[in-house]
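Student: I would like a close look at a single part of this model. Please start from one residue and then show me the chain around it.

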Amino acid sequence: MDEATSIEGLREGVLRVERLSYRGKHYRLPIFDPADPVVLRARPGRASLASSADSLVLRDVHSLWDPARFREPRRPVSLGVLDAAELAVFTTSGAVRVLDLPIKMPDCDEYRLPRALAQFAGVVQRIVDVEHAVNPQHGDYHAYLTIDQRPVTPGTLHREAPCHVDGFQGARWHPRCRLNHSYTVSDVLPTAYYPQPFDFAGLDERVHDFFWEMNAQVADTAEAHRWQPRPAELTMMDAYCVHRGVEADAPTERTWLRLSFEERRRVFDRLGNAHNPLFDYAWEMVERDIEQLGLVAYRKDGDPSLRVFPWQGVDGRPLPAGAPKTRPVLRPR
Ligand SMILES: [Fe+2]
């Protein structure tokens, strides 16, 4: 048992935690006990959607990725807000953090949670009830679960990032795959979305960092279109919903969940992703991150914070360990 483990203790159902680092990023991989899993099945008849009329997210479920669709502003769909009882379970402290853990595989309609993640079963059930109601092709998809629970200090983000989308299909993905769609919820500090038209004509996915251009186009409007769901509101977005986390202004404990649906070709074999022992698979896990692609900014003007990674200073040099991450200036003076 390593030192951190003995200090923090292990959630019941976690056998041990493995550590992994590459390119300055550090991961903790929980190794789950497969005994006594929580197995869920969708009940689409109970699906509850708080908003759905004219939703582009629902219209485009199972469509092929097409960056031209960024021109249509779109908001996530609401599935409603967690009630107090649901929220109490969801936010139980000591949650196990996982990154893109597959809990459903294509051609299987069971959602399998290691018992250490049982506190999330209620929210996952709500999500999969909706998924099977709105996506007739659900059998073609993986579902990947990410859980992040931790204290957020003032002026920082729970998950630092530029404006971005989940499920961007860069140069690696040809022919194009079906569109990612993801359900998310957080108890506090709901994500900010930017339902505005984005125009990427002129950008080359092999050359340009599209997320930096998203920063630039949000900054062009000084965040005029920013929209946030309510705390504990469960929403569904797709890979054209540009978003970014929101800074805390006081010390805040935050619990955040994402369940991403990705078609069968989209195997998330990134080193650092958690393994689910409730499925029989052995993907070769590889180092993969956007930095290694060597992408550059399309626009060289505007605030330099719009075109660096959070771990870089505005001069592009890596920040010292422990320094505050660089935030994109989205409301330029
Ligand atoms: Fe995201």
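Does Gly202 count as buried or exposed, and why?

Tutor: Gly202 counts as exposed, because it has 9 C-beta neighbours inside 10 Å. Residues are numbered from 1 along each chain as its sequence is written.

Gly202 lies in the loop between β9 (192-193) and α5. Helices (H or I, at least four residues) and strands (E, at least two) are DSSP runs, numbered from the N terminus. The C-alpha atom of Gly202 is 33 Å from that of Ala143, and 59 residues separate the two along the chain.

Beyond the helix, Ala222 sits in the loop between α5 and β10 (233-238). Ala222 has a positive phi of about 50° although it is not a glycine, and Glu223, in the loop between α5 and β10, has a positive phi of about 60° and is not a glycine either. Most residues other than glycine have a negative phi, and most peptide bonds are trans. Ala222 counts as partly exposed because it has 13 C-beta neighbours inside 10 Å. Glu223 is partly exposed, with 15 other C-beta atoms within 10 Å. A cis peptide bond runs from His174 to Pro175, with omega near -5°; Pro175 is in the loop between β7 and β8 (181-186).

Strand β7, residues 141-152, is mostly covered: nine of its twelve residues are buried. Two strands pair if DSSP finds at least two bridges between them. β7 pairs with strand β5 (residues 98-104) in the antiparallel sense over four bridges, and Ile147 in β7 is the bridge partner of Val98. Twelve bridges join β7 to strand β12 (residues 252-263), and these two run antiparallel. Tyr144 stands opposite Ser260 in β12.

Now the whole chain. It has five helices and twelve strands. Its radius of gyration is 19 Å, close to the 20 Å that the globule rule gives for 333 residues, so the chain is as compact as a globular protein of that length. The radius is taken over C-alpha atoms, and the rule is 2.2 Å times the number of residues to the power 0.38. Of the 333 residues, 35% count as buried. Two residues are in contact if their C-beta atoms, placed from the backbone, lie within 7 Å. Among contacts between residues at least 6 apart in sequence, 81% join residues at least 24 apart.

Last, confidence: pLDDT is the predictor's confidence in each residue, from 0 to 100. The mean pLDDT of the chain is 92, and 96% of its residues reach 70 or more. Over residues 1-7, pLDDT stays under 50, and the model has three contacts beyond four places in sequence for them. Where pLDDT is low, the predicted coordinates should not be read in detail.

How values were computed: Predicted model: local features only at pLDDT ≥ 70, side-chain atom pairs only at ≥ 80, totals over all residues. Buried ≥ 20, exposed ≤ 12 C-beta atoms within 10 Å, placed from the backbone.
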